[in-house]
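Biologist: I have a new model open on my screen and I'd like to learn how to read it. Could you walk me through it?

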Amino acid sequence: MSQVAFSSWGRQVIDNRQGGDVEVEVAKKKLPITFGGEKNIAAFMGWDGLILHDPNVDVVAMAAEYAKRVQEDYCCAKCSPGKKGTRVMQDTLARIVGGQGNEGDLDTLLNLADLLQNCKCTLCQTSAVPVADTVKHFRDDYLAYIRGEKRDKKAVEYKVKMTAHCQDKCPAHVDIPAYVEAIKELRFDESLEIIRESMPLPSVCGRVCPHPCETACRRANVDKPINIMVLKRTASDYEWQHNLQPPMQPKPKKDKTIAIVGAGPAGLAAAYYLALEGYPCTIYESLPEGFGGGMIAVGIPAYRMPRHILQRDIDIISSMGVEIIYDTHIGKDITLMELKKKFDAVLLAPGAHKSKPMGVEGEEEGYNGFLAGGIEFLREAYMGKPTGMGKKVCVVGGGNTAIDCVRVALREGAKDSILLYRRTRKEMPADSWEVDGADEEGVQFEFLVLPKKIIVDDKRQVTGVECIRMELGEPDDSGRRRPQPVEGSEFIVECDTLIPAIGQDPDLSFITEETGIEITRWNTVVTKYVPLKSEAGRDLNDDMGNPLSRILLTDMDGVFASGDAEIGPLTVVACVGNAHRAAKVIQRWLEEGKAYLTDDDFHEDILSHLGVYDKNEDVPWLDAVTRVEQNEIHGKARASKGNYNEVELGFKDSDAVIEAERCLRCYRVSMIAV
Amino acid sequence: MVSLTIDGKSVSVPEETTILEAARQLDIHIPTLCWLQKVTPTGACRICAVEIEGVDRPMTACDTPVKEGIKVTTQSEKLIRTRKQIMELILVNHPLDCPVCDAGGECSLQNICYDLDVTQQSFKSENVNPDTIDEWPLIQQVPSRCILCEKCVKVCHEIIGADALFINDKGDRAFIDKKVENCVYCGNCVSVCPTGTMISKPFKFKARPWALRKVPSVCTYCPSQCQIDINVQGNEIFRVTSDDEGTTNNGNLCIGGFFGYSYVNNKARLSEPQVNQELVSWEQAFETFVADVERIKSESGAEAIAGLSSPRLTNEENYLFQKLFRAAIGSNNIDSEARFGALQTLRALDKGLGLRGASNLLSTIGKADAVLVFGADPSAEAPAVEWQIHEATRRKDGKLVIANMRQLKLTKFADSQLTYKPGSEIALADGLGRLLLDRGLLDEKYLSKAVANLSELKKQLAAVDLKKVLAATGLSREALEHAADIIGQANNVAIIFGADISKCSLGTAKSAAIANLAILSGALRDQGGLFPLDEKGNMHGLLDMGVYPESLPGFQAYEENKEKFSRAWGCQLPAGGLDAEGILQGIEDGKIRLLYLAATNPQSFPNSNRWMKALEKVEVLVVQDIFPTAVTKLAKIVLPGVTFAEKSGSVTSLDQRVRALEQAIRPVGKAREDWEIFAELYGRLAKKSVTFSRSSILSELSDLTSLYGDVCFTGEDRLRPCLKQPYRPADKSFQYQLVSVNEEAEGLQLLSGKSLSHFGTTSTWAPAPLEIEPEGLIQINSADAEAVGVKDGDALKLTSGTGSTIGKAMVTDTVPQGLIFAPYNFVELGIQQLMPDGSNRTSVQLARA
């Protein structure tokens with residue numbers, strides 16, 4: 001039997017109160033049964049309606065509380081209907097709940113719901129949706145209040161959270177509508193302050209973020225998504241271009257210390273938030289000074305992420321009281337156990353810097369011209385070390401690293417730079433604009449080919465790679481069509497350099513057995529989590545297949561893990577979001593002696609699993625202004641030898657404002673009764 | 001162009017036009033409440049919602065751009081009902097205190113309720129309006145009247161760049177709050193407030209708007225010369241307002257314009273003539289003056305008589321002043337405080353560029369791609385210039401380079417701040433010029449067309465030693481290159497320079513270096529501009545009228561044109577003539593026996609002690625002023641003149657517009673308009689009955705000079721200021737000037753300059769600016785303060801070669817180590833005593849006091 005008594009979610013009314021048994025898809029698959037593993041979710045109220053699990057919940061009181069929280073905590077007051085209308089809504093509901101209501105008040109509520117269609121944004125407007133649903137579908141409950149009848153209803157606790165589609169989709173949950181609005185108001189400095197509340201590497205994620213947020217932008221339902229990433233860059237560039245000092249003021253120094261392994265996005269982000277709270281952090285970085293930034297520095301080429309700008313973000317973090325000890329390998333120069341002894345808490349964020357083997361014949365032979373891997377190639381090129389690259393370079397892979405390799409190969413002086421990928425361009429996991437960029441620079445693509453064997457001459461020098469043609473078959477688990485070899489189609493691609501770039505693994509050899517820290521078969525660190533199940537009985541996991549609500553504490557007390565080594569190789573923004581949570585958990589552990597997630601964390605996870613964005617939503621708006629794209633240097637010369645100048649140039653401020661004005665500011669308020 | 005139909009009428013408008021603007025072209029009225037043309041649209045009130053075919057929600061006309069082919073409906077039953085209901089919501093808990101509300105009678109909320117026929121209230125809610133905010137100086141905030149339209153917030157941020165106002169709290173409790181430390185008290189929040197939320201405390205409860213008579217006039221506190229309306233009832237000024245439409249300042253004012261008028265009403269004003277410190281009749285005063293002049297003339301000749309005029313006086317008054325001296329008294333010993341600044345700049349610009357004043361209109365700054373602000377603080381010297389800089393660099397994509405010894409209010413908006421060492425202005429200008437060359441940023445074609453001595457220019461540039469430039473300025477090569485790139489890569493460059501250049505001891509040479517940079521950067525092309533600032537209201541009019549010994553009106557060299565004027569005026573003009581320094585020396589030598597100070601106070605001249613001592617020696621000191629000062633105490637004859645509000649006449653702005661003042665109130669007591677006094681004295685001395693009127697003076701001017709185009713005198717309407725003859729340099733007319741002098745500033749330097757809230761010494765008689773800045777503070781870097789052992793607010797003693805003073809320290813890192821800044825506006829602080837002759841900067845010793 002369905003565990004849902006009533007649902008109006010998604011504008012589809014399912015009413016099981018009189019004994020029906022219709023299932024509610026969202027409740028069954030998307031929502032957990034419990035809030036944080038213990039308390040059952042009794043009702044869920046939000047922008048798209050009401051889901052009532054427990055028929056004993058007082059829906060009228062819940063609507064009244066919802067309206068109150070919207071008006072008092074979230075309504076920005078920047079438009080008249082929102083500011084005043086939700087206040088009238090709140091007070092009207094309060095009057096009814098207080099026994100002072102009359103039937104006319106119900107008409108007022110519906111009228112207000114209509115008037116709120118005129119709001120500047122859709123926060124207050126959509127807050128009227130569930131309220132109106134209750135008036136329409138729970139009229140008897142309202143009338144009971146109006147008649148002064150006492151009804152015995154269940155006492156519940158409310159959990160409330162505001163989000164937005166883009167913010168929800170962003171792994172770091174940056175308050176995107178707020179920073180976009182600040183740009184609209186020519187407040188670039190305030191915009192950056194908002195960004196930094198959840199993104200301490202704004203210049204990086206203003207440039208190289210794959211911006212999943214833009215795939216959840218409601219403006220796309222009108223025309224095209226807001227250029228969220230470049231707006232972030234605009235705010236971040238404004239600060240250094242105007243020689244402004246970052247405004248952050250860390251709290252007074254505390255006496256408990258934290259060691260962080262790795263000065264990559266996760267390590268830096270965690271250090272930033274811990275330093276803001278006053279905790280002295282020491283980051284141990286294996287690379288020498290000047291090469292901080294982890295995968296951002298050694299994995300993302302300078303034409304995408306100019307070094308002085310990355311370094312500025314790192315310097316800002318250092319200036320907040322974070323010490324970075326370079327050139328120090330954990331497990332070699334100092335052991336993890338020693339770190340544990342020396343510091344009150346340890347965060348492991350070593351990243352994933354080891355290329356996966358490709359599985360071709362001759363891979364283990366140590367041939368000249370067969371390089372260790374894409375990530376190693378990028379690192380050496382960036383550090384100015386000899387890469388072993390020749391003139392005709394083949395890179396194997398379809399991800400962003402592979403694309404970075406072919407584009408860096410050109411800049412390192414390759415005459416031919418060829419990408420070999422076993423599926424087609426459409427299936428490439430690399431960001432499409434990166435592939436386009438490589439194309440523009442003269443990279444050659446060989447799609448639907450699988451390298452089989454390395455061809456060498458008598459001096460063990462690579463002269464080519466034998467490949468087999470592929471064709472696409474049925475879709476696999478990832479939804480992409482599975483490539484299959486075409487028998488007898490073997491051919492040779494001539495090259496003097498072959499670089500495998502099919503993925504990276506963390507190098508966790510420093511985590512010794514004595515630590516007791518368990519490692520997954522994907523070579524990531526196991527962390528503790530709160531198990532959550534859907535009504536259908538399935539475990540709730542994130543997109544990477546990890547448990548949804550992880551505490552990020554490893555099997556060793558006081559040792560936490562974050563970043564690619566915890567999630568699995570992903571993105572800068574995912575590492576930052578993950579590390580921000582780790583920082584908060586570490587602080588709780590240091591101050592209260594236990595590592596746990598808060599209601600807000602759980603609520604965040606529940607919403608992100610639910611998915612705030614609905615690509616089928618009809619969004620009425622006049623599509624008068626199309627998306628503004630940033631300026632870019634074009635032509636092959638941008639990839640000439642030694643030219644690592646930035647290719648993308650960002651917005652002019654005025655373009656940023658025009659783009660920001662397109663934002664529909666889609667805040668949504670969610671309330672869960674437990 | 002985009003075509004659309006609104007209410008069935010077709011219209012074609014440029015892209016990016018809003019539906020509201022398009023509707024206005026069709027004379028279709030869409031109601032608005034929060035919309036304010038001069039700031040970005042807010043879309044707060046939602047009253048302007050319209051329907052667009054195919055879009056299933058109302059769209060606000062004010063912030064929705066047009067789209068090809070859309071069909072817009074501005075009036076429908078639903079829209080009308082919605083607008084009414086939104087108005088009802090806005091009015092929930094709006095207080096019914098309209099009878100005593102300051103905005104009563106000029107309230108947009110009242111008007112729109114009337115227009116939309118909002119006569120009932122269907123909503124009610126708890127009143128959660130925050131309490132009235134009384135603790136802000138000068139401005140009161142009444143949140144219950146606020147409709148949160150954000151006009152004030154936007155004007156404060158976008159136009160003024162103060163960023164003081166913001167929305168605090170959430171929901172219906174939200175109100176406009178202020179970061180008080182950021183407020184510059186310009187009063188624009190009060191001006192734009194559509195209701196009685198933001199209130200001027202000095203005006204509150206004083207008058208009803210409809211009872212006030214609005215007299216069009218000009219604010220003469222600074223040479224921006226904003227166009228204002230003096231709001232008068234009886235013979236008293238109650239407030240100053242300015243319209244957004246039709247004024248060159250778009251209705252914006254600064255603390256001077258908005259709050260600074262109150263000196264006019266000050267009870268301390270001089271209201272009766274005095275002779276020997278006794279109140280006398282005008283007749284007695286005139287007779288004494290004439291007798292003294294004639295006596296001294298007969299004893300020592302007219303060359304024993306001298307006069308200093310003032311940028312506070314109108315064009316007509318300055319014209320009469322010089323004519324009085326040259327034609328009626330027979331002395332060419334006339335000068336003014338322009339000697340210590342504006343004249344130095346004029347000499348350099350005239351010589352190198354044939355330019356007298358600014359080369360273009362202020363509005364060209366707002367359109368510039370790059371603005372260089374060199375040795376100027378526009379926020380203090382000419383706020384309207386600052387607003388244009390915000391327009392160029394924040395509303396548009398222009399870049400801002402600031403070269404200054406100090407950090408300014410504008411610094412946080414600068415793409416490049418070059419904080420140079422005191423005295424290194426020439427090196428810096430040269431260095432920037434050289435880098436323009438080195439970095440291939442010179443427009444050779446333009447230069448060869450415009451410059452007379454191109455080979456000399458190249459030789460000079462090649463001779464610039466960048467290493468020396470870096471050493472002299474204390475700047476990094478990267479910083480200079482970055483600035484040069486910004487300037488060199490821009491199509492339209494505006495260069496603004498100010499008191500730090502013009503008033504220093506090498507003002508002419510430094511101005512010449514800037515003139516050279518203007519040539520190299522292309523700032524003198526049609527779309528650019530060179531803007532010398534001088535913070536005194538009618539400085540340009542004073543110079544135009546030739547109130548200095550070297551020149552007759554219209555910049556006609558004195559000796560060469562003496563005969564022409566002699567013929568016209570029917571007299572023989574005297575030979576020679578002393579400038580201010582010569583006059584001072586002459587007094588000290590006993591050669592000048594009568595000195596006429598017209599609306600000018602030597603207490604604010606450099607080396608003011610020397611002036612004050614000299615004044616004690618003057619046998620007949622004649623002071624025409626509006627307030628009793630240490631100088632009037634020394635005077636034999638005191639003639640009470642009037643303020644800008646009590647006279648008519650014309651003034652000339654820094655960008656060469658001529659605007660008319662209209663008399664708004666009668667002179668206080670027996671005070672007389674200054675030009676009447678000059679005219680009376682002229683008549684008595686010339687022994688002919690003369691009648692001067694504004695039009696007769698102007699027609700005399702136009703016969704004798706080519707300052708003005710004909711257009712100038714066609715209308716008296718202040719909304720149409722006329723332009724002087726625009727600057728149109730001929731081909732090959734620019735002279736690149738050889739600037740070889742240099743100076744090295746040794747030891748701790750004291751720089752004097754203009755305060756942010758005060759204008760000359762006049763505003764120190766106005767209560768409102770005094771409430772914000774009651775005294776002159778000595779700005780000192782934290783390291784220097786620590787070295788001498790003073791903390792913020794401690795007394796600090798400054799001693800230079802010419803004098804010493806004690807004042808309160810303000811410890812701030814906006815001044816670098818080694819530099820101290822103090823405003824000259826406060827006679828009490830008396831910083832000008834420490835300045836050497838003709839200088840704004842000196843070595844100084846510090847001590848705790």
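**Reading the model together**

Modeller: Let's start with contacts in chain B: among those between residues at least 6 apart in sequence, 74% join residues at least 24 apart. Two residues are in contact here if their C-beta atoms, placed from the backbone, lie within 7 Å. Before going on, note that this is a predicted model, where local features need pLDDT of at least 70, side-chain atom pairs count only at pLDDT 80 or more, and totals for chains, interfaces and linings use all residues. Residues are numbered from 1 along each chain as its sequence is written, while chains are lettered from A and ligands numbered from 1 in the order in which they are written.

Biologist: What is the radius of gyration of chain B, and what would a compact globule have?

Modeller: The radius is taken over C-alpha atoms, and the globule rule is 2.2 Å times the number of residues to the power 0.38. For 849 residues that rule gives a value near 29 Å, and chain B has 28 Å, which agrees. The C-alpha trace of chain B spans about 90 × 65 × 60 Å along its principal axes. Of its 849 residues, 57% count as buried; buried means that 20 or more other C-beta atoms lie within 10 Å of a residue's own, exposed means 12 or fewer, and partly exposed is in between, with C-beta atoms placed from the backbone.

Biologist: How many helices and strands does chain B have?

Modeller: Chain B has 28 helices and 36 strands. These are DSSP runs numbered from the N terminus: helices are H or I with at least four residues, strands are E with at least two. Two strands pair if DSSP finds at least two bridges between them.

Biologist: In which order do the strands of the open seven-stranded sheet of chain B come?

Modeller: The order is 35-30-34-31-33-32-36, with mixed pairing. Strand 35 (841-843) and strand 36 (845-848) of chain B each have a single partner strand, so they stand at the edges with one side lacking a neighbour in the sheet. Inside that order, strand 31 (residues 777-780) and strand 33 (residues 804-811) of chain B pair in the parallel sense over four bridges. One bridge links B:L777 with B:K808 in strand 33 of chain B.

Biologist: Parallel or antiparallel: how do strands 7 and 8 of chain B pair?

Modeller: Strand 7 (residues 165-168) and strand 8 (residues 175-178) of chain B are antiparallel, again over four bridges. There B:F166 stands opposite B:D177 in strand 8 of chain B. Six residues lie between the strands of this hairpin, and B:D169 takes a positive phi near 75°.

Biologist: What should I make of a positive phi?

Modeller: Most residues other than glycine have a negative phi. A:N243, not a glycine, has a positive phi of about 55°. A:N243 sits in the loop between helix 11 (228-241) and strand 8 (258-261) of chain A, and is partly exposed, with 13 other C-beta atoms within 10 Å. For B:N250, phi is positive too, near 50°. B:N250 lies in the loop between strand 12 (236-241) and helix 6 (255-259) of chain B.

Biologist: How many residues of chain A are in contact with chain B?

Modeller: 35 residues of chain A are in contact with 42 residues of chain B. Helix 3 of chain A gives the most to the chain A side, with nine residues.
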